[in-house]
Amino acid sequence: MTRSAPTADVAVVGGGIIGLATAERLGARGLAVAVIDPAGIAGGATGASGGLVRAFDLSASRRRSAAAGLDLYLRRGHRGTWPAIRRQGSLSLVARGDLPQAAAAVADLRSAGHEAEILTAHDLATRFPALDVPDDLVAVHEPNAGWLPVGPVAHAMARDAGPGLQLVPARATHLLTSGSRATGVHTTAGPVHARAVLLAAGTGSTSLAASAGVHLPLRTRAVRYCLFRVGEPAGLTTLPTLVDATTGAWLRPWGSDSLVLAGVSSQETDVPETVRPGVTAQEEERVRAVVRHRYPHLASAPVAGGVTAYDATSPTGLGEVTVRTELGGLVTATGWNGGGFKLAPSIGELAAARLQEVAAR
Ligand SMILES: Cc1cc2nc3c(=O)[nH]c(=O)nc-3n(C[C@H](O)[C@H](O)[C@H](O)COP(=O)(O)OP(=O)(O)OC[C@H]3O[C@@H](n4cnc5c(N)ncnc54)[C@H](O)[C@@H]3O)c2cc1C
């Protein structure tokens, strides 16, 4: 007896946070979804993510997505089943020259019901004495933001997708097409037939898109962090998360063991698509040389581990959900450039709506 090939309304390639957030929303729309990934749930960039979530962004479109994402994370998903946000607060540092735009963004967030305020360096010194912030920077403080444990969130999204979700533990090798339409995905475990296909496979999406003549220029970019061991009473493990737009530094309390997670954004591209524990001594020093200016205690704190990983970035540096005009039934959602976790609930909603439309055509 031959086993019939899996059939779904939508085939989602990539079991990262974007693919899963989309699968969850497709399930809520009553659609059957096959999620194809040889690494299972959150085996790529998502599994390495720091999980920082906040609504503030100087760009209005990213702010809308991040704010919608934060709303949903605060509600613990549509069914209230996702892990709760660690509401330690979020500080986003910007140059004083950007104060007018930051103040406008704060007004925009407040009008949408988000708590946010501008703090000067003097305010920060009073409220968070473990921080060192020079007078030429200001902070946007969001008391309800913070961070989330990413793996458990990804698994909760998969559970919420319901019984219509099939996980296919295989690598997608090429798109199946009929005429000018996508009809599914061929995988190392055989074909998966579907009325629409989402490519949410990071840089793995490029060769799949190319197999159907769709140009999707993505590159990997290095994303790494160190874990610094700090003892109390340094006061660092109770601080809000911090993202410093002027240096590229991002930090958060690890959540246990007196550890602080700290990274500095990197422009290094075309790195391997692998996630491994630890960072090089050179990376440790690169991170320390930057973050010590905001957290002086980190100048001498020992490094207790870290992560070396990657994310997919597009030529614009901005992620996009795109209905491909080159091939009917195909949608891509890629290029999140180190910031996709906080956007995922909103991106999932958007991608699911687009997929439902293209599946019905
Ligand atoms: C160290 C680190 C820290 C980060 N911190 C934050 C943060 O604090 N806040 C934030 O908002 N964002 C953060 N990010 C970014 C965020 O994690 C990513 O933008 C997001 O996880 C990307 O999700 P994704 O689903 O697009 O990709 P991925 O998680 O990479 O998922 C893509 C999946 O596709 C699979 N795949 C690839 N090729 C194929 C194929 N041919 N067939 C089948 N499957 C395939 C891969 O196995 C992978 O699982 C961080 C990223 C890193 C690496």
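A residue is called buried here if 20 or more other C-beta atoms lie within 10 Å of its own, exposed if 12 or fewer do, and partly exposed in between, with C-beta atoms placed from the backbone. The structure above is a predicted model, in which local features need pLDDT of at least 70 and side-chain atom pairs count only at pLDDT 80 or more, while totals for chains, interfaces and linings use all residues. Residues are numbered from 1 along each chain as its sequence is written. Helices (H or I, at least four residues) and strands (E, at least two) are DSSP runs, numbered from the N terminus.

Let us begin with helix α8. In α8, residues 281-291, the residues Glu283, Val287 and Val291 are buried. They lie on the same side of α8, because they cover an arc of only 55° around the axis; the arc is that of the directions from the helix axis to the C-beta atoms. Ala281, Gln282 and Ala289, on the other side of α8, are exposed. The cover over the buried residues of α8 includes β12 (219-229), β14 (249-253) and β15 (259-264), where contact stands for C-beta atoms, placed from the backbone, within 7 Å. Ala281 has 8 other C-beta atoms within 10 Å and is therefore exposed. The C-alpha atoms of Ala281 and His78 are 43 Å apart, and the two residues are separated by 203 residues along the chain.

Most residues other than glycine have a negative phi. Phi of Asp257, however, is positive, near 60°, and Ser258 has a positive phi of about 55°. Asp257 is exposed, with 9 other C-beta atoms within 10 Å, and Ser258 is partly exposed, with 16.

Next come the helix pairs. Two packed helices are described by the angle between their axes and the distance between the axes. Axes are lines fitted to C-alpha atoms, for helices over the stretch in contact, and angles run from 0 to 180 degrees between N-to-C directions.

| Helix pair | Angle | Axis distance |
|---|---|---|
| α1 (17-28) and α9 (340-360) | about 45° | 7 Å |
| α1 and α6 (150-160) | about 30° | 8 Å |

The angle makes α1 oblique to α9, whereas α1 and α6 are roughly parallel to each other. Angles under 35 degrees count as roughly parallel, over 145 as roughly antiparallel, 65 to 115 as roughly perpendicular and the rest as oblique. α1 passes α9 in a right-handed crossing, and the crossing of α1 and α6 is left-handed. A crossing is left-handed if the near helix is turned anticlockwise from the far one by less than a right angle, and right-handed if clockwise.

In the contact between α1 and α6, Ile17, Leu20, Ala21 and Glu24 of α1 meet Ala154, Met157, Ala158 and Asp160 of α6.

Helix α6 has its own buried side. Val150, Val153, Ala154, Met157, Ala158 and Asp160 are its buried residues. They share the same side of α6, because their arc around the axis is only 165°. Their cover includes α1, α2 (45-48), β8 (165-168) and α9. After α6 comes Gly162, with a positive phi near 85°.

Note on methods. Contact = placed C-beta atoms within 7 Å.
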